[in-house]
Amino acid sequence: GGCAPHAPALPTAELHLHIEGTLEPELAFALARRNGVALPYASEDELRAAYSFTDLQSFLNLYYALMDVLRTEEDFAELAHAYLARARAQGVRHAEIFFDPQAHVARGVPIGTVIDGLARALDQAPEAYGITTRLIMCFLRDESAESALATFEAARPWLGRITAVGLDSAEVGNPPSKFREVFERARAAGLKCVAHAGEEGPPGYVWEALDILGVDRIDHGVRCLEDEALVARLVADQVPLTVCPLSNVRLRVYEDLADHPLPAMLAAGLRVCVNSDDPAYFGGYVGDNYTAVRDALGLDPTALRTLARNSFLAAFLDEETRAGYL
Ligand code: ADE
Ligand code: ZN
């Protein structure tokens, strides 16, 4: 007897994806060899065995350490190509891709090397993979507001390649209000704004992202459910929430996928979509996230189609391109 053929993946946009979080152990070791970087792991299996996290910080420690293998424009182009190939196989038609320039500049990699390398791959994405893309430059919230401002200014020559700014890294103790000025500057330059909020941090951080940073979307946002007035606001304005179910379980926001509030968020009328966050570390790409929530939470085909539709509604697309995807 043969296996039943796999159902074709549901076409979706992916709006919450850290390109550095797509660095698979195989590519990490290949780049380490090529660049003469010593990794503190003897093998790919030993590295993978370290992917057992207790919270966001325990993941970030490994995430920042492993990206030390990314040195050249070619490295960043290869990383993006590897993601795009996997993404297409998982149903992705449009990807809005985060990158963390401060994590590279701090290691002596110029911001232009990062952006030019990523852009080289993304330029080929429509033809090579059938995927349209956007780039979102994130500021590390555990670095200073001054560092974010300096990073924004260093990126000015490349702003034509960048659609939005974002905010990521260690959330608790680093509220959105810390970054009011750089978000104002980005908006004045014509960029869209997003921010991680309400992943580990409290609902108050989601309020700040909305009212102080003026974001167009919230990344994660799952803790909004602790604040009825906040849910009402997010529903009234149909603010998109880029939810990452497998990430939330790996980083112990929820103990088990069966405990994930995605069905409650859909029922509340929130504009939620499903994303992979850091798929090389969290056990699955976006199609795997859809399959996992379908199986663990019993989401029916209508709910899955709503999630996919929400992803295109939430994307930074012109209306003609969006209409083609809906
Ligand atoms: N950087 C990469 N993944 C992240 C996440 N899930 N939360 C905050 N910062 C991140
Ligand atoms: Zn994230």
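How do the residues of the shell around ligand 1 divide into nonpolar, polar and charged? There are 2 nonpolar, 5 polar and 4 charged ones. In this count Ala, Val, Leu, Ile, Met, Phe, Trp, Tyr, Cys and Pro are nonpolar, Asp, Glu, Lys and Arg are charged, and the others, Gly among them, are polar.

Before I name them, a word on the source. This is a predicted model, in which local features need pLDDT of at least 70 and side-chain atom pairs count only at pLDDT 80 or more, while totals for chains, interfaces and linings use all residues. Residues are numbered from 1 along each chain as its sequence is written, and chains are lettered from A and ligands numbered from 1 in the order in which they are written.

The residues around ligand 1 are His18, Gly21, Leu56, Tyr63, Asp168, Ser169, His196, Glu199, Ser247, Asp277 and Asp278. To be listed, a residue must have its C-beta atom, placed from the backbone, within 6 Å of the ligand.

Ser169 belongs to that shell, and its phi is near 80°, a positive value in a residue other than glycine. Ser169 sits in the loop between β4 (164–168) and α8 (180–188). Helices here are DSSP runs of H or I with at least four residues, strands are runs of E with at least two, and both are numbered from the N terminus. Is Ser169 buried or exposed? Ser169 counts as buried, because it has 20 C-beta neighbours inside 10 Å. The cut-offs are 20 or more other C-beta atoms within 10 Å for buried, 12 or fewer for exposed, and partly exposed in between, with C-beta atoms placed from the backbone.

Arg252 also has a positive phi, about 65°, although it is not a glycine. Arg252 is in the loop between α11 (245–250) and α12 (262–267). With 14 other C-beta atoms within 10 Å, Arg252 is partly exposed.

Now the whole chain. The protein chain has 16 helices and 8 strands. Its radius of gyration is 19 Å, close to the 20 Å that the globule rule gives for 326 residues, so the chain is as compact as a globular protein of that length. That radius is taken over C-alpha atoms, and the rule is 2.2 Å times the number of residues to the power 0.38. Of the 326 residues, 48% count as buried.

One helix pair is next. Two packed helices are described by the angle between their axes and the distance between the axes. For α4 (residues 73–89) and α6 (residues 111–129), the axes come within 7 Å and cross at roughly 30°. Axes are lines fitted to C-alpha atoms over the stretch in contact, and angles run from 0 to 180 degrees between N-to-C directions. By class, the contact of α4 with α6 has 11 nonpolar, 3 polar and 6 charged residues.

Last, two single residues. His94, in strand β2 (residues 92–99), is buried, with 25 other C-beta atoms within 10 Å. His94 touches residues including Ala13, Ile131 and Tyr325, not counting those up to four places away in sequence. Touching means that the two C-beta atoms, placed from the backbone, lie within 7 Å.

Leu326 lies in the segment after α16 (319–325) and is exposed, with 9 other C-beta atoms within 10 Å. Leu326 touches Arg309 and Phe312, again leaving out residues up to four places away in sequence. Leu326 and Arg309 are 17 residues apart in sequence and 6.5 Å apart in space, C-alpha to C-alpha.
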